[in-house]
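Here are my notebook entries from a first look around this model.

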Amino acid sequence: MKTNAKIAVFLDRDGTINRERNYVNRAADFELLPEVADAIRALNEAGVKVLVASNQSGVARGYLTMKHLGSITSKMHRQLAKGGARVDAVYYCPFHPDDKPYCRKPSVGMAMEAREQFGVDLKRSYMVGDNRVDMEFGANIGARNVLVLTGHARGDEPWTRTVKIHCVAQNLSGAVLWILQDIRKRRKARAARPAPARKRKPTAR
Ligand SMILES: [Mg+2]
């Protein structure tokens with residue numbers, strides 16, 4: 001569906017796509033959550049861009065190397081492919097939070113890169129994650145936020161009342177259902193909006 005090509009769905013990785021383990025350092029620790037391949041396939045079929053955006057400060061902390069990170073990413077791609085699903089790009093921020101890197105969520109660097117790479121419209125896009133920084137990232141880029149409860153959040157933390165969250169979903173499958181519905185709703189609303197008045201040509205007198 002070409003009409004959705006400018007919409008990105010940013011996905012956090014740990015606790016959203018794979019089981020949260022407080023640092024996934026080896027491919028063996030990467031376990032895809034059960035509903036994830038089907039959910040991502042539904043996004044693929046809708047024609048939106050599926051982009052993983054993940055803070056991986058474990059690299060700067062010396063818990064894993066870029067090579068380990070690469071093999072974890074390969075495992076993710078392989079497991080998704082088995083379920084007929086694919087992600088269009090994976091963005092990582094490997095730096096330490098103390099260095100305040102531009103790429104580290106909630107800072108907007110990874111979204112800027114995605115916009116550059118795919119020409120996505122961030123205002124029409126979505127962020128799905130299990131953590132406060134994910135929702136702050138979504139808010140900072142002007143996207144709509146879906147909090148999933150498969151990782152750190154329970155959904156009733158005090159911060160959930162101060163960061164704008166558009167939907168709380170049990171898992172990625174619920175998040176995707178809501179997102180696809182919301183995309184349809186917004187498209188309908190746009191279609192129903194009266195066309196902007198045409199500028200009248202100045203008439204010669
Ligand atoms: Mg997470």
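This is a predicted model: local features need pLDDT of at least 70, side-chain atom pairs count only at pLDDT 80 or more; totals for chains, interfaces and linings use all residues.

**Entry 1**

I began at a strand pair, where Y126 stands opposite R144 in β5. Residues are numbered from 1 along each chain as its sequence is written.

I noted that β4 and β5 pair in the parallel sense over four bridges. Two strands pair here if DSSP finds at least two bridges between them. The names come from DSSP runs numbered from the N terminus: helices are H or I with at least four residues, strands are E with at least two.

Next I traced the link: from β4 the chain crosses through α4 to β5, a β-α-β crossover that is right-handed. That word applies if, with the strands pointing away from the viewer, the path from the first strand over the helix to the second runs clockwise.

**Entry 1: how enclosed is β5?**

I looked up burial next. A residue is buried if 20 or more other C-beta atoms lie within 10 Å of its own, exposed if 12 or fewer, and partly exposed in between, with C-beta atoms placed from the backbone. Five of the five residues of β5 are buried, so the strand is largely enclosed by the rest of the structure. R144, V146 and V148 are buried on one side, N145 and L147 on the other.

**Entry 2: the whole sheet**

In what order do the six strands of the open sheet run? I read β3-β2-β1-β4-β5-β6, with parallel pairing. The edge strands are β3 (89-93) and β6 (167-169), each pairing on one side only. From one strand to the next, the twist averages 20°; axes are lines fitted to C-alpha atoms, for helices over the stretch in contact, and angles run from 0 to 180 degrees between N-to-C directions.

Strand β5 (residues 144-148) pairs with β6 in the parallel sense over three bridges, and V148 stands opposite A169 in β6. Helix α4 (residues 132-141) packs on the sheet, touching β2, β4 (126-129) and β5, and its direction makes about 175° with that of β4. α5 also packs on the sheet, touching β1, β4, β5 and β6, at about 160° to the direction of β5. Contact means that the C-beta atoms of two residues, placed from the backbone, lie within 7 Å.

**Entry 3: helix α1**

I listed the buried residues of α1 (residues 36-46): V36, A37, A39, I40 and L43. They cover an arc of only 165° around the axis, which puts them on the same side of α1; the arc is that of the directions from the helix axis to the C-beta atoms. These residues pack against β1 (8-11), β2 (49-55), α2 (66-82) and α5 (172-192). After α1 comes G47, with a positive phi near 85°.

Y23 is not a glycine, yet its phi is positive, about 80°. I found Y23 in the loop between β1 and α1, partly exposed, with 14 other C-beta atoms within 10 Å.

K100 has a positive phi too, near 45°. Is K100 buried or exposed? K100 is exposed, with 9 other C-beta atoms within 10 Å, and lies in the loop between β3 and α3.

Last, I checked the peptide bond from K105 to P106, which is cis, with omega near 15°. P106 is placed in the loop between β3 and α3 (109-118).
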